[in-house]
Amino acid sequence: MIDFKGSHFERDVILCGVRWYVAYPMSYRQLEEMMEERGVEVDHSTLNRWVVKYAPLLEKQFRARKRAIGSSWRLDETYVKVKGRWKYLYRAVDKAGATVDFLLTAKRDRKAALRFLRKAIGQHGKPEKITIDKSGANTAAIESYNAEHEADIEIRRIKYLNNIVEQDHRAVKRVTRPMLGFKSFRSAAATLSDVELMHMIRKGQLRTTGELRPAQQFYALAARPASFSHAHRVYK
């Protein structure tokens with residue numbers, strides 16, 4: 001269970017603010033206005049601190065309950081602006097469109113792609129094949145992994161097969177576009193982890209024991225494991 005002790009706001013209020021921000025295209029100032037309309041006066045900077053603090057904790061809970069993914073991956077990277085400069089968000093989905101993993105990096109090169117591969121494989125195990133574009137860095141990263149681990153991951157460069165991950169980028173970019181860039185790399189990484197988390201929940205990637213709507217699944221991540229199958233009380 002995630003600990004909310006010491007906060008000046010109730011857990012339900014915090015979770016609601018975090019979810020709204022990562023689920024819908026909006027800025028912190030717009031979220032501040034929405035909260036005020038519902039009787040909660042909270043500064044946009046406080047909302048930012050909530051996201052940065054609780055996003056990694058929620059992601060950890062999600063990963064422990066994430067559904068298994070397929071063994072055929074589509075890997076690609078997209079761009080995110082941090083402190084006025086473009087950074088790189090590595091992402092992969094399986095052939096059914098389920099998110100495999102993601103990683104924000106400062107550079108777009110073999111080392112960055114290899115870091116992403118190690119993270120994804122560490123979480124899900126080795127895939128049978130990975131489809132990429134013509135990126136030399138991604139090719140070199142997979143070849144490096146194969147050499148290091150005596151693996152035999154097949155590399156495929158079939159553009160139309162990679163459309164599925166390129167289309168999936170759009171769902172993430174739609175939410176992040178109104179954020180107008182991030183002030184720090186840490187803030188960007190934390191926020192993106194919750195954007196991806198909410199996206200995965202909507203795609204049905206969270207194991208549940210009951211019929212819960214996406215919002216309820218998000219709130220339940222902060223509940224005790226024994227109460228996970230029940231809908232979390234939502235701030236209204």
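**Close-up views of the predicted model**

**Figure 1. Packing of helix H1 on helix H7.** Helix H1 (residues 11-23) packs against H7 at an angle of about 80 degrees, and their axes are 9 Å apart. Angles of 65 to 115 degrees count as roughly perpendicular, and H1 and H7 are therefore roughly perpendicular to each other. On the H1 side, the residues in contact are Val18, Arg19, Tyr21, Val22 and Ala23. They meet Thr191, Asp194, Val195, Met198 and Arg202 of H7. Sorted by class, the contact of H1 with H7 has six nonpolar residues, one polar residue and three charged residues. The model shown here and in the other views is predicted.

**Figure 2. Crossing of helices H1 and H3.** The axes of H1 and H3 cross at roughly 90 degrees and come within 10 Å. H1 and H3 are therefore roughly perpendicular to each other. H1 contributes Val13, Ile14, Leu15, Val18 and Tyr21 to this contact, and H3 contributes Trp50, Val51, Tyr54 and Leu58. The contact of H1 with H3 has nine nonpolar residues, with no polar and no charged ones. Val18 and Tyr21 of H1 meet residues in H3, and Val18 and Tyr21 are also among the H1 residues that meet H7.

**Figure 3. The open five-stranded sheet.** Five strands form an open sheet in the order E3-E2-E1-E4-E5, and the pairing is mixed. Strand E3 (99-105) and strand E5 (154-156) stand at the edges; each has a single partner strand, so one side of each is left without a neighbour in the sheet. Ignoring direction, neighbouring strands of this sheet are turned by 25 degrees against each other on average. Strand E2 (residues 85-94) pairs with E3 in the antiparallel sense over six bridges. Tyr90 has Leu103 in E3 as its bridge partner.

**Figure 4. Helices H4 and H5 on the sheet.** Helix H4 (residues 110-124) packs on the sheet and touches strand E1 (72-82), E2, E3 and strand E4 (129-131). The direction of H4 makes about 145 degrees with that of E3. Helix H5 (residues 136-149) also packs on the sheet, where it touches E1, E2, E4 and E5. The direction of H5 makes about 170 degrees with that of E5.

**Figure 5. The largest pocket and its lining.** The largest pocket holds about 370 Å³ of space. It is lined by 16 residues, of which Tyr21, Tyr28, Met179, Gly181 and Lys183 are the closest to its centre. Helix H2 (28-37), helix H3 (44-63) and helix H7 (185-202) each supply at least two residues of the lining. H3 provides the largest share, three residues. By class, the lining has six nonpolar, eight polar and two charged residues. Tyr21, one of the residues closest to the centre of the pocket, is also one of the H1 residues that meet H3.

Key. Residues numbered from 1 in each chain as written. Predicted model: local features only at pLDDT ≥ 70, side-chain atom pairs only at ≥ 80, totals over all residues. Heavy atoms only, no water. 1 Å grid on protein atoms, 1.4 Å probe; cavity = no way out; pocket = protein on both sides within 12 Å on 5 of 7 lines; lining within 4 Å. Points joined across faces, edges and corners; volume = space filled by probe spheres on them. Helix = DSSP H or I, 4+ residues; strand = E, 2+ residues; numbered from the N terminus. Nonpolar A, V, L, I, M, F, W, Y, C, P; charged D, E, K, R; others polar. Axes fitted to C-alpha atoms, helices over the stretch in contact; angles between N-to-C directions. Parallel < 35°, antiparallel > 145°, perpendicular 65-115°, else oblique. Contact = heavy atoms within 4.5 Å. Pairing = 2+ DSSP bridges.
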